Amino acid sequence: MRFLPALTRVAALGAAAVLAATGLAACGDGGSTDGTANPYGLLQAGVLRAGTLTDAPPNVYLKDGKFTGFDNDLLTAVAAKVGLKVEFVGTDFSALLSQVNNHKFDVGSSSITITEARKKTVDFGNGYDFGYFGLDVPAGSSISGFDQLTGKRVVVVQGTVQDDYATRENLNPVRVPDYNGAINQLKAGTADAWIAPAEIGDKSAADSNGKITVAAKQLSPAPTAYAVAKGNDKLREALDKGLDEVIADGTWSRLQAQYYPGRPIPADFKPGSGTVAVPSPSAAS
């Protein structure tokens, strides 16, 4: 009978060892940072958690409860090329880059223009799109160009390159957290103009039942790209590789034609690494 306590202790230790091993195995199935199970240092192995917006069509938006738009559909295709699924989460643009660098998200997807200032917060992959600034105004406005904004009440989404432009031009812009806020200011007549990403401005005007018009456009100075945390070179390089593959197989051209029909592509713009031939939209369809 004296052997029973010892045997009980041995059994307990054995059970604890089994539970510990099981726990370690379970961790390896999810958020492990082990180089083999999770080579890109993702929040969850095999899943790319992407911060994006809900209200910026045709670039990034929610439709029937699903995140879609050119940027998000392209990211889904890019991720598939490197064996990843994408989980989209909505956020405000003003917080997106810091959330990426703080590892709340693995990647930022929101037509993010590459700038030197933003490079201090995040790293960027290769450019996947170009963009124009659009100037949206209330119907009947006399404003017809960017040179007529001095002294006007100009609204921008906080933290965007449009915000940067308005600040640089000393326009003292009114900053709002999202695109719906800018649209509502124009509809209510509390803003004279909105400097917007042109494609989003076009869609907003088309959906406004005549309350908003597009006054002007001008080419943005830099390409847009996906953002990753500083130093995550493995993920950045994987996304760049996947981007070149979806350019080569025609996905990029097809999505361009789907979301931006008739939009001319600048002659000097080359998506991705710039080394891959870009099929025409007709060849890609």
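Reader: Why is asparagine 38 called buried?

Author: Happy to start there. Asparagine 38 has a relative accessibility of 2%, and the cut-off for buried is under 20%, so asparagine 38 counts as buried. Bear in mind that this is a predicted model. The residue sits in the loop between α1 (3-29) and β1.

Reader: How do you know that the buried residues of α3 line one face of the helix?

Author: Those residues are Phe93, Leu96, Leu97, Gln99 and Val100, in a helix that covers residues 93-101. Looking down the axis of α3, they fall within an arc of 165 degrees, so they line one face. They pack against β1 (47-52), β6 (107-113), β7 (122-124) and β13 (224-229). After α3 comes histidine 103, with a positive phi near 70 degrees.

Reader: Which residues have the most contacts inside the largest nonpolar core?

Author: They are Leu48, Phe70, Leu74, Leu75, Val107 and Leu239, in a core of 31 residues. At least two residues of this core come from each of β1, α2 (70-81), β13, α7 (233-248) and α8 (251-259). A second, separate core has 28 residues, among them Ala56, Val89, Leu97 and Phe124.

Reader: Which residues does valine 107 touch, leaving aside those up to four places away in sequence?

Author: Valine 107 touches Leu48, Arg49, Ala50, Gly51, Leu75, Val100, Tyr226, Ala227, Val228 and Leu239.

Reader: On to the rings. Why is the pair of phenylalanine 130 and phenylalanine 269 called edge-to-face?

Author: Their ring centres are 5.3 Å apart and their planes stand at 65 degrees. A pair needs centres within 6.5 Å, and edge-to-face needs planes over 60 degrees apart, so this pair is edge-to-face. It links distant parts of the chain, 139 residues apart: phenylalanine 130 is in the loop between β7 and β8 (132-138), and phenylalanine 269 is in the loop between α8 and α9 (281-284). With 5% relative accessibility for phenylalanine 130 and 15% for phenylalanine 269, each falls under the 20% cut-off, so phenylalanine 130 is buried and phenylalanine 269 is buried.

Reader: What makes phenylalanine 146 and tyrosine 165 an edge-to-face pair?

Author: The ring centres of phenylalanine 146 and tyrosine 165 are 5.9 Å apart, with planes at 85 degrees, so the pair is edge-to-face. Phenylalanine 146 lies in the loop between β8 and β9 (154-157) and tyrosine 165 in helix α4, so the pair ties together parts 19 residues apart in sequence. Phenylalanine 146 is buried at 12% relative accessible area, and tyrosine 165 is buried at 10%.

Reader: Which residues form one aromatic cluster?

Author: Phe70, Tyr128, Tyr226 and Tyr260 do.

Conventions. Residues are numbered from 1 along each chain as its sequence is written. This is a predicted model: local features need pLDDT of at least 70, side-chain atom pairs count only at pLDDT 80 or more; totals for chains, interfaces and linings use all residues. Side-chain values use heavy atoms; hydrogens and water are left out. Buried means under 20% relative accessible area, exposed over 50%, partly exposed in between (1.4 Å probe, protein chains only). Helices (H or I, at least four residues) and strands (E, at least two) are DSSP runs, numbered from the N terminus. The arc is that of the directions from the helix axis to the C-beta atoms. Contact means heavy atoms within 4.5 Å. A nonpolar core is a set of buried Ala, Val, Leu, Ile, Met, Phe, Trp, Tyr and Cys residues joined through side-chain atoms within 4.5 Å. Rings of Phe, Tyr and Trp (its six-membered ring) pair if their centres lie within 6.5 Å; planes under 30 degrees apart count as stacked, over 60 as edge-to-face and the rest as tilted.
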